[in-house]
Amino acid sequence: MKGLKLASLNGSGRTRIKVGPVTVGEGFVIIAGPCSVESEQQILETARAVKAAGANMLRGGAFKPRSSPYSFQGLGLTGLKLLQKAREETGLPIVTEVLDPRDVLWICEYADILQIGTRNMQNFSLLKEVGKVDKPVMLKRGMYSTIEEWLNCAEYILNEGNPNVILCERGIRTHETYTRNTLDLSAVPAIRELSHLPIIVDPSHGTGRLSLIEPMSMASVVSGADGVILEVHIRPEESVSDKDQTLSTEQFAGIVKKLRALQSFVESGSGGR
Ligand code: PEP
Ligand code: MN
């Protein structure tokens with residue numbers, strides 16, 4: 001793919017990114033947590049439950065990119081402090097979204113991975129800002145973007161000096177309406193043949209339907225993904241955002257068991273990837 005100097009395969013192997021006790025790009029990483037941080041009890045109880053079920057990292061939005069300005073926008077700094085508390089208690093590294101270039105530096109004090117959401121994939125000033133810090137960045141695919149545009153956005157971050165970019169396929173807009181987005185799992189092997197960067201899959205936003213999350217998580221393993229990110233809530237029916245796609249902690253635990261079994265099967269069959 002022309003124009004990609006840093007994101008394309010370069011013969012020096014696949015990028016592995018160490019995040020606390022976890023290495024993204026080795027094995028299959030499971031990131032779980034609520035769409036939004038809502039309260040101390042909600043995030044701590046969810047963190048404990050996903051940790052017990054076998055998650056490797058905790059997700060949770062403190063700054064939410066909502067389609068309507070009247071919807072819950074996140075708890076901001078309070079939310080970040082609660083995530084920090086959850087990390088202290090569980091040891092799970094934190095993945096949280098940054099919306100504004102002016103917030104990047106101080107959010108780094110709380111986040112282990114900075115998430116760039118689909119709506120900001122081509123926010124070039126934000127990409128340049130996260131390219132200057134020493135935290136890994138999870139770059140979600142723009143819902144209207146091609147793989148080439150997505151990789152060029154990764155290139156913006158890499159070009160500023162930050163080598164630690166994780167791509168996240170979260171579904172794209174098509175004419176389909178049964179699902180919230182069309183999860184493009186073909187992007188996973190496509191990225192693996194174009195780039196050395198790790199890629200994870202978000203079946204929660206990618207389908208928007210509870211019943212489809214487990215099968216698409218399983219398919220993510222087989223597609224060659226480096227992990228999944230899933231929305232989980234201690235009481236899904238009370239989620240203030242993305243209720244319809246949020247797993248209960250019991251449902252999540254069931255999915256983790258199946259994912260780990262499938263991962264062992266795939267790894268034993270291929271002698272590791
Ligand atoms: C999220 O992960 O909470 C989120 C808002 O995702 P996306 O940017 O993929 O819609
Ligand atoms: Mn969400």
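**Entry on the model.** I keep in mind that this is a predicted model, in which local features need pLDDT of at least 70 and side-chain atom pairs count only at pLDDT 80 or more, while totals for chains, interfaces and linings use all residues. Residues are numbered from 1 along each chain as its sequence is written, chains are lettered from A and ligands numbered from 1 in the order in which they are written, and side-chain values use heavy atoms, with hydrogens and water left out.

**Entry on the barrel.** I traced a closed barrel of 8 strands, in the order β3-β4-β5-β6-β7-β8-β9-β10, with parallel pairing. Its neighbouring strands are turned by 25° against each other on average, direction ignored (axes are lines fitted to C-alpha atoms, for helices over the stretch in contact, and angles run from 0 to 180 degrees between N-to-C directions). I then checked β3 (residues 29-33), which pairs with β10 in the parallel sense over 5 bridges, and there Val 29 stands opposite Gly 227 in β10. Helix α9 packs on the sheet, touching β3 and β10, and its direction makes about 175° with that of β3; contact here means heavy atoms within 4.5 Å.

**Entry on β7.** Helix α5 (residues 147-159) lies across β7, β8 and β9, running at about 160° to β8.

**Entry on Arg 141.** I found Arg 141 in the loop between β7 and α5, and Arg 141 counts as buried because its relative accessibility is 4%. Its side chain reaches the backbone oxygen of Ser 145 at 3.0 Å and makes a polar contact with the side chain of Glu 169 at 2.9 Å; a polar contact is a pair of N or O atoms within 3.5 Å, where within protein one must be able to donate a hydrogen and the other to accept it, and residues adjacent in sequence count only if both atoms are side-chain atoms.

**Entry on the core.** The largest nonpolar core has 66 residues, of which Leu 58, Leu 114, Leu 139, Trp 150, Leu 167 and Phe 252 touch the most other members. Its largest share, 7 residues, comes from α5. Such a core is a set of buried Ala, Val, Leu, Ile, Met, Phe, Trp, Tyr and Cys residues joined through side-chain atoms within 4.5 Å.

**Entry on ligand 1.** I listed what surrounds ligand 1, including Arg 59, Lys 64, Glu 97, Thr 118, Arg 119 and Lys 140, each with a heavy atom within 4 Å of the ligand. An oxygen atom of ligand 1 is 2.9 Å from an N or O atom in the side chain of Lys 64, and one is 2.8 Å from a polar backbone atom of Thr 118.

Notes
Pairing = 2+ DSSP bridges. Helix = DSSP H or I, 4+ residues; strand = E, 2+ residues; numbered from the N terminus. Buried < 20%, exposed > 50% of the residue type's maximum accessible area, 1.4 Å probe, protein only.
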